[in-house]
Amino acid sequence: NITVVIVRKGDRLAGLIVLAEIPLTLFDGKKSKTRVKITEKQRERLLTYAAAMWNYFDDLCIEKYNFLPPDNIQLVPSKKVAVRTSPTNIGMMLVSVLAARDFGFITSDELAEKLSKSLESVEKLEKYKGNLFNWYDTTTLKTVEPRFVSTVDSGNFLCCLTALKEGLKEYKGECARIDEIIIKTERIIDSTDLSPMYNDKRNLFHVGITPDDGKKSSSFYDLYMSEARMTSYFAVASRQVPVKHWGSTGRIAVRRGRYTGHASWTGTMFEFYMPNLFLPAPKGSLSSEALCFCLYCQRKKAKGRPFGVSESAFHSFDGKMNYKYKANGVQSLSIKRGMDEYYIVSPYSSFLTLTVSPKHSMKNLSRFLKMRMYDEYGFFEAVDFTSEKNKGAFSVIRSYMAHHTGMSIVSVANLLNWQCMQRRFMADSRMNGAKSLLEEKIQTEVKKPKL
């Protein structure tokens, strides 16, 4: 049987998606297959979510903003667009354009047109040894003070470009311009040098560097369970840093009840799950066990509320009436103390867990819908349950963030299209050459939580 899903954007037809009624099979990077059950109704709902989130980039990556994604839109106390962007925002937007083509929201010609305009702007941006700076003004393309190059932002951008170029090869026969875009993308990747942020003595990456004086940050990415895991993998696989760097990141085991997993610095969904957008977590590997343990601890903390604590905006404003932003985590997963003081959950966290536990993820997203957390560009940023502020109620954070939107779109693509972004990333010969790093086993005998 065949199901045709019609996706509309207002009065416009955004795409037709043809869905065959076959078991959804996800690949874990090997020949073995993992069965994940998802109904046709759930697929249609996910495509509806993806279409709404795609509108964020379709509406905002326009000439006014040099075809780059504004960092966020805030709806209260008044609607305003943050006219700045980061390497992670740009990278997630680019792979979201590819996902939009996968979903049928745009044609191959539109894919090429959008990517060409955005990459033309990227080429104009000032760089440091190929690395993009941390922030740019989207209206002027100038760097935003203080000028800083973030290691993890550079790594995120490179990983997104790697998956992008491999995915574009699937559409080469449909548009002659795509070859040019692939070449341009490869040129950006090859010109980016991550080594200035690397410390040879510690075998770790600094958080970043201030190019104007060459000063490196005093902090390091020193944990395996970190959003920087993706950067580390890319750097090792591309031979920009030695393979011993991979083993130099700390694996700190923690226990919750009968189960054992690994800790991150703040215990956020972002730290555990963001790298999984592109890096496979083979069954039985340290990463796979850690993802399951993280979801188990996150759900335990929920206590009847939606789960998904991660870095996000929360219900507090700065002097310019912008939402404040911080890492919100789970103490049982965190090395840093004080992480159970607040309870702030983000819908994008549920998207990140889709390929690990679609059942719990979809149920969680439905709970957000009932809380009226959904509008023009999909789910709002977060909901703040912190009782000290809200007296047992909750406050909805009415904003949308570019990188959270992009990660959510990629997560849907991975679930519905057989881990397509992981497969594309690993299709790069250098990335595939280091895949044994991802097969690392957990060091202790553990009992795996049932999800």
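Leaving aside its neighbours within four places in sequence, which residues is Y233 in contact with? Contact here means heavy atoms within 4.5 Å. The partners of Y233 are W246, L279, F425, M426, M431, A434, K435, L437 and L438.

Before going on, some ground rules. This is a predicted model, in which local features need pLDDT of at least 70 and side-chain atom pairs count only at pLDDT 80 or more, while totals for chains, interfaces and linings use all residues. Residues are numbered from 1 along each chain as its sequence is written, and side-chain values use heavy atoms, with hydrogens and water left out.

Now the chain as a whole. Its secondary structure comes to 15 helices and 26 strands, taken as DSSP runs numbered from the N terminus (helices H or I, at least four residues; strands E, at least two). Of its 451 residues, 61% count as buried, that is, under 20% relative accessible area with a 1.4 Å probe, protein chains only. Among contacts between residues at least 6 apart in sequence, 68% join residues at least 24 apart.

Back to Y233. Along with L46, F103 and F278, Y233 has the most contacts inside the largest nonpolar core, which has 128 residues. A nonpolar core is a set of buried Ala, Val, Leu, Ile, Met, Phe, Trp, Tyr and Cys residues joined through side-chain atoms within 4.5 Å.

A search of the whole structure finds four cavities of 30 Å³ or more. A cavity is a set of points on a 1 Å grid over the protein atoms alone where a 1.4 Å probe fits but cannot get out, and lining residues have an atom within 4 Å of a point. The volume is the space filled by probe spheres set on the points, which are joined across faces, edges and corners.

The largest cavity holds about 120 Å³. It is lined by 13 residues, and Y348, F379, F380, H404 and T405 are the closest to its centre. At least two lining residues come from each of α10 (347–352), β26 (399–401) and α13 (402–416).

The second largest cavity has a volume of about 100 Å³. Its lining also numbers 13 residues, with A228, R229, S232, H245 and T249 the closest to the centre. Two or more of the lining residues come from each of α4 (151–168), α6 (229–237) and α7 (244–248). The largest share, three residues, comes from α6.

Definitions and conventions. Buried means under 20% relative accessible area, exposed over 50%, partly exposed in between (1.4 Å probe, protein chains only). On a 1 Å grid over the protein atoms alone, a cavity is a set of points where a 1.4 Å probe fits but cannot get out, and a pocket is an open set with protein on both sides within 12 Å along at least five of seven lines; lining residues have an atom within 4 Å of a point.
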